[in-house]
Amino acid sequence: MNIAIVGASGAVGQELLKVLDQQQFPVTSLRLFGSPRSAGKEFEFRGKKVKVELLDKDSDFSGVDIAFTSAGAGTSKEYADVITKHGSVMIDNSSAFRMDPDVPLVVPEVNPEDALDRPRNIIGNPNCTTIQMVVALKPINDLSPIKKVHVSTYQAASGAGAVAMKELEKQFAELSEGKEPTIEKFPFQLAYNIIPQVDVFMDNGYTKEEMKMYNETRKIMHSDDIKVSATCVRVPVMRAHSEAIWLETEKPLDLDTVRKALENAEGVVVKDNPDVKEYPMPLDISDKDPVYVGRLRKDIADPNGLSFWVVGDQIKKGAALNAVQIALWLLKNDERLKKG
């Protein structure tokens, strides 16, 4: 396949290069696009140097089968027509089109078939927190429809990009030397701190990030009945997000049945042995592909409730890997791409 990456020099763009190689994606040709700041840079892919082209209105995507875009919502909106003009499938990692009714929002372990219905040839890659949560919710929802989800997230610096990761490292170094920490990307010092705000606040008191989890979960799982209430928190962790989840199903579920469903679920690893302090932690899960589940138990405040802990690598499954998995599914199941 002929592949393009828009936003190649960013954290997700760099991860896409690694994941395409790790997943042995069949790349015939690779083109990289970026801003004037990135244009001209070279990155290595499978032993060859690839130069970043300047993305502008004259960029020619003819011959590109799949374009992964990860340069922000503004760039995705501005250049979507340029990218899809000649039939390229645009798998977009921004929030630009996620809730548009004519753009499918896809997590391959949950709703892969939605990727076939894409009138604008755009597929939305969901928000990182939503992706790892719905991967864990799907096998439980198959046992009994989920009515309600409460979730608290513990989100790594990587969710705010490569610059944010560097700022966190810099803050720790500065503080260890007795200096005032640099505060530019985050609203407050993140090192040795947690910030109970991710994205801007909405009129209802929730942040935009929290409302993404509400809206995206319902779209991906094809259910207007699921209610999601989230509190999203930034923590001084480098690249893996954690989530504490409480949910209520229509009928009570046996814990062993739930555990077995999760163990058999695609993309899920159950790491849950409290007797020996075995549970997922972001330090261990960074750079791993699956979504990890632990601390599984009945919710003692709700007879139909379950409580568990979920950890996933934000840059990988929360962004680049999910996008590449969408593309891999399309290669096997989309007749238009097969003919292409």
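Visitor: Which residues does Ile 66 touch, leaving out residues up to four places away in sequence?

Guide: This is a predicted model, where local features need pLDDT of at least 70, side-chain atom pairs count only at pLDDT 80 or more, and totals for chains, interfaces and linings use all residues. Residues are numbered from 1 along each chain as its sequence is written, and side-chain values use heavy atoms, with hydrogens and water left out. Contact means heavy atoms within 4.5 Å. On that count, Ile 66 touches Asn 2, Ile 3, Ala 4, Phe 25, Val 89, Ile 91, Ala 327, Leu 331 and Leu 337.

Visitor: Which members of the largest nonpolar core touch the most other members?

Guide: A nonpolar core is a set of buried Ala, Val, Leu, Ile, Met, Phe, Trp, Tyr and Cys residues joined through side-chain atoms within 4.5 Å. Buried means under 20% relative accessible area, exposed over 50%, and partly exposed in between, using a 1.4 Å probe and protein chains only. The largest core has 35 residues, and those touching the most other members are Phe 25, Ile 66 and Phe 68.

Visitor: Which element gives the most residues to this core?

Guide: Helices (H or I, at least four residues) and strands (E, at least two) are DSSP runs, numbered from the N terminus. Elements giving two or more residues to the core include β1 (2-6), α1 (11-22) and β5 (66-69). With 10 residues, the top giver is α8.

Visitor: How far apart are the end C-alpha atoms of α4?

Guide: The expected span of a helix is 1.5 Å times one less than its number of residues. Helix α4 (residues 162-176) has 15 residues, so it should span 21 Å. The model agrees, with the ends 22 Å apart.

Visitor: Which residue has a positive phi just after α4?

Guide: Inside α4, the buried residues include Ala 164, Met 165 and Leu 168. Just after the helix, a positive phi of about 80° is taken by Gly 178.

Visitor: Which residue forms a salt bridge with Arg 118?

Guide: A salt bridge is a side-chain nitrogen of Lys or Arg within 4 Å of a carboxyl oxygen of Asp or Glu. Arg 118 lies in the loop between β6 and β7, and its partner in the loop between α8 and α9 (335-339), so the pair ties together parts 216 residues apart in sequence. The N to O distance is 2.7 Å, and the partner is Asp 334.

Visitor: Is Asp 334 buried or exposed?

Guide: Its relative accessible area is 2%. Therefore Asp 334 counts as buried.
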